[in-house]
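Here is a short walk through one structure. Look at the sequence and the model first, then read on.

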Amino acid sequence: MAILSQEEAKKIIDKVLSYSKADEMKVELTGGRSGNIRFARNSVSTAGATNNLSLSVTVVLGKRIGTSDINEFDDASLEKAVRRAEEMARLAPENPEYMPMPGPQTYAKPQAFVETTANMKAPDRAKLAGASIKSIMASQLSGAGFLEDSSSFNAIGNSKGLFGYHKNTSVNFSLTIRTPDGTGSGYAAGDYNDATKLNTGSLTDIAIQKAKASQKAAALEPGKYTVILEPLAAGELVQFMIRAMDARTADEGRSFLSKKGGGTRLGEKLLDERVTIYSDPTDVQIPSSPFSAEGYPHERVTWFDKGVVKNLSYSAFWAKQKGAKPLPEPSGFVMTGGTQSLAELIKGTEKGILVTRFWYTRWLDPQTLLYTGLTRDGTFYIDKGQIKHPVKNFRFNESPVIMLNNLEALGIPERTRGNMVPPMRIRDFTFSSLSDAV
Amino acid sequence: MKRRNFVKLSGLGMGATLLPAGLVAGHRISAEELLNSGPDAAVKKRMADVALNAAKSKGATYADVRIGRYLRQYLFTRENKVQNIVNSESYGIGIRVIANGTWGFASTNEMKPESIARCAEEAVEMANANAEIQLEPVVLAPQKGVGEQVWKTPIKKNAFEIPVKEKIDLLMEVNGAALKNGASFVNSNLFFVNEQKYFASTDGSYIDQDVHRMWPTFTVSAINKQTGRFKSRDALSAPIGMGYEYLSDNPAEKIIVPNGPTVYRYAYNMIEDATAAALQAKEKLTAKSVPAGKYDMILDPSNLGLTIHESVGHPLELDRVLGYEANLAGTSFATMEKLQSKSFQYGSKIVNLKADKIQPNTMGLVGYDDEGVPCKQWDLVKNGVLVNFQATRDQVHLLGEKESQGCSFAESWDSVQFQRMPNVSLQPHPDKYSIHDMIKDTEKGIYILGRGSSSIDQQRYNFQFSGQLFYEIKDGAIVGMLDDVAYQSNTQEFWNSCARICDKDDYRLFGTFFDGKGQPGQVSAVSHGCPTTRFNGVNVINTGRKI
């Protein structure tokens, strides 16, 4: 029941739309199932499974808006949801920024649903976790990991004839392996739409290797270093930048994209010319929903082209104020890269530090997009193209904007947390202090 | 409502949440349904018994049931506009079992006897499947059943009974005050939560709890388009375990700092604070950029609360110490050996930190935890020495203890309960000593108020915190405002640099609704109390950069 077909979803949406004569009305249906298993100290710790199907009804009376959600699907309940939304709309103050709903749209058709992933069950998860634990124990190490799979759909329809349907699957696995003496720790993670692409064995091997190699790290002085950021680390900082591309905030003067004296930095070259970042719901590596919650299409959008700011995201209201097209924030992005593997990037580094991942990254200043955080689970010193020894973890204070101007080289992009990100070699990356944490 | 949308709508920075977390979930409902008290305890007892009996009949050696009805109301505004009003309800049952020595958990929102029984059976099936990779059977500390119990947060005014219009009028007045005093932008928000939680277990407990929490807050921004600079100041309120009475004006609950801001205890004047925030945000535009170096740091509870949370609350969670959080939040520098040594100097001798789940007005105040354990208070750090951790029933035996400390919590009925932080608070100094005295006794210092950027490593050694307001102190007086301030330290060094703590009259609460932990991520609500406190010789960095 949780995954409805396009026809089933449309039938429910049309029925709900027929229950009201409001000025405008929107209906959203979402459903799915997910399951997870978590282990620590080489043993399962918790596990769970959920199913959900939910309906959301938004009613507009003039500029008054009311929304009601329900998860019962008999006719009386569906009608009750509509009446509640109408009642809330009557009670709500007028929203002067209300924008009429969009009419019918054309959406892309991403291939994001994979049957194998949708069919995963508790014994499959236990088997995958068990195999990982077996390898960890054979190496006389201690592991903690998490596997989660889900399948879901969302459908949207409104009284102006708009309809959209999308279904999606996902699986993600991450694990941290520590040495018994507490001096080494390694991490690996993978996420996919297609569970057959997930290789828990190779991820476990990487984490084991990093844990062993990171034992007894040496301290280096904090300062500016050339770093190689693996995709997991680099992607985290780039993602913060992509999420801060809202046009209204920039126009209002409170964004890294605000221009001194007013206006935005749209069209300016802000980053190194090797930086091109786009989003595309049909990208085969990171397929995602082709429409936003408001019903606007997600299409291929270039955010940075050769370092130039090409697009900002616009809400419908702000787009109208500025004579622009509504452009929703993307759910994932692709940063183009080079042809070198991570190993080749390391080989081409005279002196530098390899970073596996960052931890507890938080903003310091939205104006400069300055972030702080720490390295974790595998930080190594590189000398003359070779990993020489593990180093103690650092705190960094750095901005992705500064970082993407200090670019030396890009590697082959990899999927990480729903984005495609290349490993990067960056000069003058600022480490501000040392941490004893392993 | 997804956390990302919540943060966006609220106008709060990402720092408003402490860790990546799950959802602020629920189904939107009409306003009067927030006043519906839900099914009575007798109905819930019958449903709980269906689950317990079904689990036992399938072989569970232990089972507990949580029937939860979670009501939330969020009001979001900016300038003269109401962006959204959300009333949500989430109702369902979560069933946890031990079968074959292994935990299993399942949940459903179908509250029919046959669905509940099936859900209990699923939990047992999951436990049996996972027993294959369980190394040692779960050991559960004994907990005598407490029979039928009722507990309620002692509120004076139920926030859900206050008409929405009154709340909107308040926020519009707050926004008006900020704009009138020079703010370029203002977002203001009210959050109210009522958790109706029913717990039952095979130990013989049937506990009905009615928990209330709230948070009034805002962010005011000032822009100088000519220079291209912008600065903001967040509210100095605390998320709090009180009713609507928190939003009142009571001079006895105010502390006015000489040449500095006004701060609030258990009565918060939101309009007054928004007025001050607008003036201070403008002042920040021209504040002096801090010279990096060592300073004596005077930290207001609105700032130190977060530092306590990160550098004391989290490292003393037993599940982290043992490695259960290694894949996400990390482990802890505060190891079992350090506790067992009975001599680990966590802080200076004046540092006393307590865990307390029965402290009035706090976010973590409940009668019983989510394993049916009666709540209590206990010492974590006594006279500077580490003396205890925080634990749940299935881990406390690893401490050599026979009784749980009551630290189990689940975000909602559909999430499994696990070890979460109780209220953790720094105790006031017994000697009379005010913030006025402290400023007077400081030669070269920085006085910090409000929560800002925060980051700490995965074993809780190295941290960096910022704030909302930074005042330079020279020779016993506030001389002006500073900008670009963040303090960095190592947890043990920092707490050992604790030089002075004000008395109980200055004691106030910090709090959060969004302490994130676990996989899948869950959030919990918690408070941290302390008076204004001074830490000598702390490293301050300048965070000003150019792009």
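Begin with residues 30-89 of chain A: this span is 25% helix and 62% strand, and its end C-alpha atoms lie 22 Å apart. The model is a predicted one. For residues 30-89 of chain A, an unreviewed UniProt entry lists "domain: Metalloprotease TldD/E N-terminal".

Next comes a sheet in chain A. The sheet is open and has 6 strands, placed in the order S3-S2-S1-S4-S5-S6 with antiparallel pairing. Strand S3 (64-70) and strand S6 (185-192) of chain A are its edge strands, since each pairs on one side only. On average, neighbouring strands of this sheet are turned by 15° against each other, direction ignored.

One pairing can be followed in detail. Strand S1 (residues 24-40) and strand S4 (residues 142-158) of chain A pair in the antiparallel sense over 14 bridges. Within S4(A), A:Leu147 is the bridge partner of A:Ile37. Helix H1 (residues 6-17) of chain A packs on the sheet, where it touches S1, strand S2 (43-61), S4 and strand S5 (163-178) of chain A. The direction of H1 makes about 135° with that of S1(A).

Now turn to chain B. B:Pro428 sits in the loop between strand S18 (424-426) and helix H9 (435-440) of that chain. Is this residue buried or partly exposed? B:Pro428 counts as partly exposed because its relative accessible area is 25%, and buried would mean under 20%. Leaving aside residues up to four places away in sequence, B:Pro428 touches B:Ile501, B:Cys502, B:Asp503, B:Lys504, B:Tyr507 and B:Pro531. B:Pro428 and B:Ile358 are 70 residues apart in sequence, and their C-alpha atoms are 17 Å apart in space.

How values were computed. Residues are numbered from 1 along each chain as its sequence is written. Chains are lettered from A and ligands numbered from 1 in the order in which they are written. This is a predicted model: local features need pLDDT of at least 70, side-chain atom pairs count only at pLDDT 80 or more; totals for chains, interfaces and linings use all residues. Side-chain values use heavy atoms; hydrogens and water are left out. Helices (H or I, at least four residues) and strands (E, at least two) are DSSP runs, numbered from the N terminus. Buried means under 20% relative accessible area, exposed over 50%, partly exposed in between (1.4 Å probe, protein chains only). Contact means heavy atoms within 4.5 Å. UniProt positions are given in the numbering used here, feature names are shortened, and annotations may be inferred rather than shown by experiment. Two strands pair if DSSP finds at least two bridges between them. Axes are lines fitted to C-alpha atoms, for helices over the stretch in contact, and angles run from 0 to 180 degrees between N-to-C directions.
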